[in-house]
Amino acid sequence: MRKTVFCLCVVLSLICALCALPACAKQVNYFDYVSECRSDVFLYKDDNTEIKVQCVNKEQPFSADGYKGETCDLIEIYATLSKNPQTLEVSVENLGGEMNYQAVTRQYTLTLSAAAFKKTSVEVTLTADGEDKTYEALSVRDGNVMNCEQAVACVAEHANELFEGLTANGLFDGEIFVRLLYDEGCYYYVGVCNKDKHVTAFLIDGERGKVIAKKELQV
């Protein structure tokens, strides 16, 4: 009888251990550790005016310290003009305000709290010294460009040892930055930051997911 009870306990222990395996082996979703995600960029450019509208979900206040804090949705607007007015206001899809001039970059900027635009173009109205002019800014993304989550997955697969080295007990010991870039084509910057503020940065092709460059940074 004692032998039967002992065998039953062993069988139950094995069953419990097997049931626990899937939970232990559950793959980490690295996108959960993204503290900055630039998901879309809208552009307009002519001889006199250049406008860029960026859709971002970002940690506030932002700090590259290896810890993901609370994030919020932001719309970042940049305008460069051939002639700078005394005052410049901007409206994008009924959101806007007065822009601030940055002497170093020679451009006007404004950041708004708002969710990303789910469309292929946005109307941008600039009011320079009381005079309105409206432009259509087009998204740089098309159907062939991957999203931020896919970009992170591509880098995690390419740099498997780096990600595994920062993963323990089902948790990722760091934070990730992913930014959509445009330069005659779409690219993604993906930065992996550990608790020592060391960033391993990757540049990948936005369509193929191929890593183009890698750089080590200390912030």
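Is cysteine 148 buried or exposed? Cysteine 148 is buried, because its relative accessible area is 5%, and buried here means under 20% relative accessible area, exposed over 50%, and partly exposed in between (1.4 Å probe, protein chains only). The structure is a predicted model, in which local features need pLDDT of at least 70 and side-chain atom pairs count only at pLDDT 80 or more, while totals for chains, interfaces and linings use all residues. Residues are numbered from 1 along each chain as its sequence is written, and side-chain values use heavy atoms, with hydrogens and water left out.

The overall architecture comes next. The protein contains 3 helices and 15 strands; helices (H or I, at least four residues) and strands (E, at least two) are DSSP runs, numbered from the N terminus. Of the 219 residues in the protein, 38% are buried. The protein exposes about 13400 Å², and carbon and sulfur atoms supply 50% of that area; accessible areas come from the Shrake-Rupley method with a 1.4 Å probe, and for residues only the protein chains shown count as cover. Contact means heavy atoms within 4.5 Å. Among contacts between residues at least 6 apart in sequence, 53% join residues at least 24 apart.

The cysteines deserve attention. A disulfide is a covalent bond between the sulfur atoms of two cysteines; the rule applied here asks for a pair of cysteine sulfur atoms within 2.5 Å. A search of the whole structure finds 0 disulfides. Cysteine 148 is in no disulfide, and the nearest cysteine sulfur, that of cysteine 37, lies 3.1 Å away. Cysteine 154 counts as partly exposed, because its relative accessibility is 24%.

Strand β1, which spans residues 34–45, includes serine 35. This serine 35 is buried, because its relative accessible area is 0%. The side chain of serine 35 makes a polar contact with the side chain of glutamate 175 at 2.6 Å. A polar contact is a pair of N or O atoms within 3.5 Å; within protein, one must be able to donate a hydrogen and the other to accept it, and residues adjacent in sequence count only if both atoms are side-chain atoms. When neighbours within four places in sequence are left aside, the residues in contact with serine 35 include Asn57, Phe62, Thr71, Glu175 and Phe177.

Charged residues form a further theme. Side chains of opposite charge can pair when their charged atoms come close. A salt bridge is a side-chain nitrogen of Lys or Arg within 4 Å of a carboxyl oxygen of Asp or Glu, and by this rule the count comes to 5 salt bridges. One of them joins the side chains of glutamate 36 and arginine 179 (2.9 Å, N to O). This pair links distant parts of the chain, with glutamate 36 in strand β1 and arginine 179 in strand β12 (residues 175–182), 143 residues apart. Glutamate 36 is buried, with a relative accessible area of 5%, whereas arginine 179 counts as partly exposed at 21%.

Lysine 195 forms a salt bridge with aspartate 173, and the closest N and O atoms are 2.6 Å apart. Here too distant parts of the chain are linked: lysine 195 is in the loop between β13 (186–193) and β14 (198–205), and aspartate 173 is in the loop between β11 (171–172) and β12, 22 residues apart. Lysine 195 is partly exposed at 28%, and aspartate 173 is partly exposed at 39%.
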